[in-house]
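Welcome! Have a look at the structure below, and then we will walk through it together, one part at a time.

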Amino acid sequence: MSRTLLRGAQVVTMASDRPDAERVDVLVEDDRIAAVGTDLEPSDAEVVDLAGRIVIPGLVNAHLHTWQTALRSVGADWTLMEYLTHLHGECVGNYTPDDMYVGNLAGALSQINSGTTTLGDWCHNSLTPEHADAAVEGLVQAGIRAAFLHGTPYRAPDVPHPLDEIDRLLAGPVRRHALLTLGMALQGPQYSAPETAVADFRAADERGLVVSMHQSGGELAPGWEALRAAGLFGPRTNVVHGADLPDAWVKTLDEAGVTFTSTPENELGQGHGALVTGALLRLGSAPSLGTDVDTVVPGKVLTAARIALAHQRGLDHAHHRRTTGTYADSPSVTGRQALAWATVEGARALGLADRVGRIEPGLQADLVAVDARALNLWPAHDPVATVLHADIADIEAVMIAGRWRKRDHTLLHPGLDEVKDRLLRSGRRLLSTIGARSSRSSAA
């Protein structure tokens, strides 16, 4: 048994029965958290002095199309319709399995570098079994914990999800790896015929899998009511975006245990509609967070948390002034809530709340050390706020399942230069398949 004792840090456990931050030790045995407390016995343990740091649960990016990593920034000025036209209309069919592999490998490593230990990989470009296997292998080689959400390019509304692929992945490529779980990235009721949506959801339910689906703006399709009538909404249902969903539907879904994942920077920038955060908070619930597409926005969950927090506070302040004629005297949303969206709620959305998202004995040892001695963070009067203010340069160390993946501000992955070279070659070739590129994009 390997034992590691983390000592001297301020610890933000995100456990509901503990303070926001406390100076305690964390003992890790093999892949699990063994104890959290003061003056823990270091016998036979490697003692890591983390004075001046803040230790938090590993961040959860609950929604990322990791396969798009090689096309970073090319769509920074795209609207949602331009993104759908260029990426999904022109580019997806040109992906090879190697493109999928290097995109997922580099994207997952980048997530680890920024403090993400669990990734919801919404892989809806699994053109063939070889593409899916290559994407899975990229995650495995990176060493990240991931929910591999299998999807395909957009299909006709009456074409069901390929269940033979789900069963193949369950029996082999995903099952072999302890850090991976499988889910289904469905077209869902918005893009499927009602009977197809019901069949897909039933198939996932029979297999005990999380299902995740996009929804943004517009009228609700008939499939939503068909799924409600069939009783198929539940805790393993995840709605991505949920923008402009009527409050009554948000309430119905929330009461059924459905989780929501907001990708705030992308939703605001591309015009998905009104963020679902406010509707959930009014119900006493909360979203998880994702970054969606590196094609358009940076993949940093802490940035997403800050944007979601500031956006909701801005809406609430404006509402308060309209209704009372004066400024609010207390914040409507706290920093701890925003950090929970990036940890606790993300774990719940991916069906992993019993494994990650908090620092508690028995849970997986997915931990991040933030270097609060940095000039941009010091003095760290409020540890939770300090974490939310941190950037990649401040992420000193990342542990996943008891194994260090980043130490001393450096990723512990061999051959990073080769990974970057492969990613560049992949991106240049894929970029050549996209029409109407801007001069900025083509210069890349």
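## A buried histidine and an aspartate

Let us begin with His241, which is buried at 3% relative accessibility; here buried means under 20% relative accessible area, exposed means over 50%, and partly exposed lies in between, with a 1.4 Å probe and protein chains only. His241 is not a glycine, yet its phi is positive, at about 80°. You will find His241 in strand β13. Helix and strand names follow DSSP runs, numbered from the N terminus: helices are H or I runs of at least four residues, and strands are E runs of at least two.

Asp292 also has a positive phi without being a glycine, with a value near 75°. Its place is the loop between β15 and α11 (301-324). Asp292 is buried too, with a relative accessible area of 5%.

## How to read the model

This is a predicted model, in which local features need pLDDT of at least 70 and side-chain atom pairs count only at pLDDT 80 or more, while totals for chains, interfaces and linings use all residues. Residues are numbered from 1 along each chain as its sequence is written, and side-chain values use heavy atoms, with hydrogens and water left out.

## The eight-stranded sheet

Now to the sheet that holds β13. Eight strands make up this open sheet, in the order β8-β9-β10-β11-β12-β13-β14-β15, and the pairing is parallel. Two strands count as paired if DSSP finds at least two bridges between them. In general, strands of a sheet pair through backbone hydrogen bonds, either parallel or antiparallel. At the edges are β8 and β15 (288-289), each of which pairs on one side only.

With strand β8 (residues 59-64), β9 pairs in the parallel sense over four bridges, and Asn61 has Leu119 of β9 as its bridge partner. With strand β10 (residues 145-150), β9 pairs in the parallel sense over six bridges; Gly120 stands opposite Ala147 in β10. Further along, strand β13 (residues 237-243) runs parallel to strand β14 (residues 259-262), and three bridges join them.

Which strands does helix α3 touch? Helix α3 (residues 129-142) packs on the sheet against β9, β10 and β11 (180-186), and its direction makes about 170° with that of β10. Helix α4 (residues 163-171) lies across β10 and β11 and runs at about 170° to β11. Axes are lines fitted to C-alpha atoms, for helices over the stretch in contact, and angles run from 0 to 180 degrees between N-to-C directions.

Helix α7 (residues 222-229) and helix α8 (residues 247-255) have axes that come within 12 Å and cross at roughly 30°. Their crossing is left-handed, a term used when the near helix is turned anticlockwise from the far one by less than a right angle, with clockwise giving right-handed. From α7 come Trp224, Glu225 and Arg228, and from α8 come Trp249, Thr252 and Leu253; contact means heavy atoms within 4.5 Å. By class, these are three nonpolar, one polar and two charged residues. In this scheme Ala, Val, Leu, Ile, Met, Phe, Trp, Tyr, Cys and Pro are nonpolar, Asp, Glu, Lys and Arg are charged, and the others, Gly among them, are polar.

## The four-stranded sheet

Another open sheet has four strands in the order β5-β4-β1-β6, with mixed pairing. Its edge strands, β5 (32-37) and β6 (46-49), each pair on one side only. Neighbouring strands here are turned by 20° against each other on average, direction ignored. Strand β1 (residues 3-7) pairs with β6 in the parallel sense over four bridges, and the bridge partner of Thr4 in β6 is Glu46.

## Cysteines and a cis bond

How many disulfides are there? The count is zero, where a disulfide is a pair of cysteine sulfur atoms within 2.5 Å. Cys91 is in no disulfide, and the nearest cysteine sulfur, that of Cys123, is 14 Å away. Cys91 is buried at 0% relative accessible area, and Cys123 is likewise buried at 0%.

One last stop: a cis peptide bond joins Trp378 and Pro379, with omega about 0°. Pro379 sits in the loop between β16 (367-371) and α14 (383-389).
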